[in-house]
Amino acid sequence: MEESGNSLACGPDGSKRRVSYFYDSDIGNYYYSQGHPMKPHRIRMAHSLIVHYGLDEKMDVCRPNLLQSRELRVFHADDYISFLQSVTPETQHEQLRQLKRFNVGEDCPVFDGLYNFCQTYAGGSVGAAIKLNNKEADIAINWSGGLHHAKKCEASGFCYVNDIVLAILELLKVHQRVLYIDIDIHHGDGVEEAFYSTDRVMSVSFHKFGDYFPGTGHLKDIGYGKGKYYSLNVPLNDGIDDESYKNLFRPIIQKVMEIYQPEAVVLQCGADSLSGDRLGCFNLSVKGHADCVRFLRSFNVPLVLVGGGGYTIRNVARCWCYETAVAVGVEPQDKLPYNEYYEYFGPDYTLHVAPSNMENQNSTKELAKIRNTLLEQLKRIQHVPSVPFQERPPDTKFPEEDEEDYEKRPKGQKWGGEYFGSESDEEQKPQNRDIDISDKPGIRQSPPNVEAPKKIKLEEEDGDAGIVNESDGAKWPFGEAG
């Protein structure tokens, strides 16, 4: 780790942050299906880089608690969660009507351990929110989260449970206003829809727009009712590069922070907006993508970082490792340390890769028009919306779980065999070669009301109350701003 002379600048951006990092060593074992582009294995690869750069030593490393069905039902419909609990690859043919009803199938397949996978990644994001609520961290990271397309009653776009919505609902128990920002190449439709009619959550999504999934996120989609003007959409064309993205992102977010003054921020860091992504068409470098993290960090507002899309998995690992380094405030050397997945990163074996020479189809004039339109939209909102006094929903409490119970958790389907090289349509099936710091007995800190997730001892090894969402009738455990 090169810290001397290469650490982040002094001042607000360079000062130290207390960072919590959520990781479950089993997350990389889950396997969507043959040929499916979503590969949870990428999270294990990112974790390996994080450990080998020594970034784990600068963070509070936590194992997520599994969210129980009642906690998932805070947002999701009862029958949908019951379906996720019961469906298996062996029984899905008996539930064809429900598969269609809940949009589970080709894009969102049924696989071994599906429900446990949802419990795990959602538990990481809610755990991150609890860390901020309890003032135990300034930044909390869950790279397994960020599945922003999931809806109240259905799966969508490789996403089953919307961990981001659940985390924001947790944050709203303590924080009056939460800002959600999405830099995935796909529109953050599930999160925007969930909070479309409230001013307690502002949603800002930067995404590819046009003939592209999910097809939502028009510049004119601005929110509804009390949430009018609190949804901001930044529709982009192919090939946007670091400079263009930065010149759009920074002034918009600067104005959002000034006017809305959020008490907490959730940043979805989908890595499919990187250059060379298998499903993406943007041209961002790892540093350009991470500049969004760096900029938000500079405001020193409680921050949750979650993952999202990203389908060239070696670059996803690079990106989330570097963004972890930005969060803790160090600049890692470009040469990769040797690690379990070193072969994936050839031929250069570097942390950063150059963007391509693809054409930027976003003209300066078009980007200026988008920026000016959104800045005008922000002028129409109430400065610092307030929240009327109301009874606070109860804190989320996780049950005690000892190490023996942890070992009894259902395991995901394992990748079998070995693979070294770039992604292709043929399924790669690497072995689990994880640096496993999360299977050691943890230390559970127990602040008042909420039992925090377990902390890993690194030294041992390397109600019903709520308002109605006008769009779908869902009851939310928070009130509208007055």
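Trainee: Which residues do ring pairs link into a cluster?

Mentor: Please bear in mind that this is a predicted model. Ring pairs join Y30, Y32, F111, F117, Y121 and Y160 into a cluster. The structure holds 21 aromatic pairs.

Trainee: How many degrees lie between the planes of W143 and W320?

Mentor: The planes of W143 and W320 are 5° apart, with 5.3 Å from centre to centre, and the pair is stacked. W143 lies in the loop between β3 (139-142) and α6 (163-171), whereas W320 belongs to helix α10 (residues 313-328), so the pair ties together parts that are 177 residues apart in sequence. Both W143 and W320 are buried.

Trainee: Why is the pair of F206 and F249 tilted?

Mentor: Planes under 30 degrees apart count as stacked and those over 60 as edge-to-face, while the rest are tilted. The planes of F206 and F249 stand at 40°, with ring centres 5.0 Å apart, so this pair is tilted. F206 is buried, as is F249.

Trainee: Let us turn to helices. What describes two packed helices?

Mentor: The angle between the axes and the distance between the axes describe two packed helices. Here, helix α5 (residues 114-133) packs with α6 at an angle of about 20°, and their axes are 8 Å apart. Angles under 35 degrees count as roughly parallel, and α5 and α6 are therefore roughly parallel to each other. Their crossing is right-handed.

Trainee: Which residues of α5 and α6 meet?

Mentor: On the α5 side they are Y121, A122, S125, V126, A129, I130, L132 and N133, and these meet D163, L166, A167, E170 and L171 in α6. By class, the contact of α5 with α6 comprises nine nonpolar, two polar and two charged residues. Y121 also belongs to the aromatic cluster.

Trainee: At what angle do α9 and α10 pack?

Mentor: Helix α9 (residues 286-297) packs with α10 at about 30°, the axes being 9 Å apart. That makes α9 roughly parallel to α10. The crossing of α9 and α10 is right-handed. From α9, the residues V286, K287, H289, A290, V293, R294 and R297 meet R318, C319, Y322, E323, V326, A327 and V328 of α10. Sorted by class, this contact of α9 with α10 has eight nonpolar, one polar and five charged residues.

Trainee: Now to the backbone. Is the peptide bond from F213 to P214 cis or trans?

Mentor: The bond from F213 to P214 is cis, with omega near -5°. P214 is found in the loop between β5 and β6 (231-236). A cis peptide bond also joins G346 and P347, where omega is about 5°. P347 lies in the loop between α10 and α11 (364-378).

Trainee: Where is K135 found, and is K135 buried or exposed?

Mentor: K135 is found in the loop between α5 and β3. Its phi is positive, about 60°, although K135 is not a glycine. The cut-off for exposed is over 50% relative accessible area, so K135 at 61% is exposed.

Trainee: What phi does Y349 have?

Mentor: Y349 has a positive phi of about 55°, although Y349 is not a glycine. Y349 lies in the loop between α10 and α11, and at 28% relative accessibility Y349 counts as partly exposed.

Key: Residues numbered from 1 in each chain as written. Predicted model: local features only at pLDDT ≥ 70, side-chain atom pairs only at ≥ 80, totals over all residues. Heavy atoms only, no water. Phe/Tyr/Trp six-rings, centres within 6.5 Å; stacked < 30°, edge-to-face > 60°. Helix = DSSP H or I, 4+ residues; strand = E, 2+ residues; numbered from the N terminus. Buried < 20%, exposed > 50% of the residue type's maximum accessible area, 1.4 Å probe, protein only. Axes fitted to C-alpha atoms, helices over the stretch in contact; angles between N-to-C directions. Parallel < 35°, antiparallel > 145°, perpendicular 65-115°, else oblique. Left-handed = near helix turned anticlockwise from the far one by under 90°. Contact = heavy atoms within 4.5 Å. Nonpolar A, V, L, I, M, F, W, Y, C, P; charged D, E, K, R; others polar.
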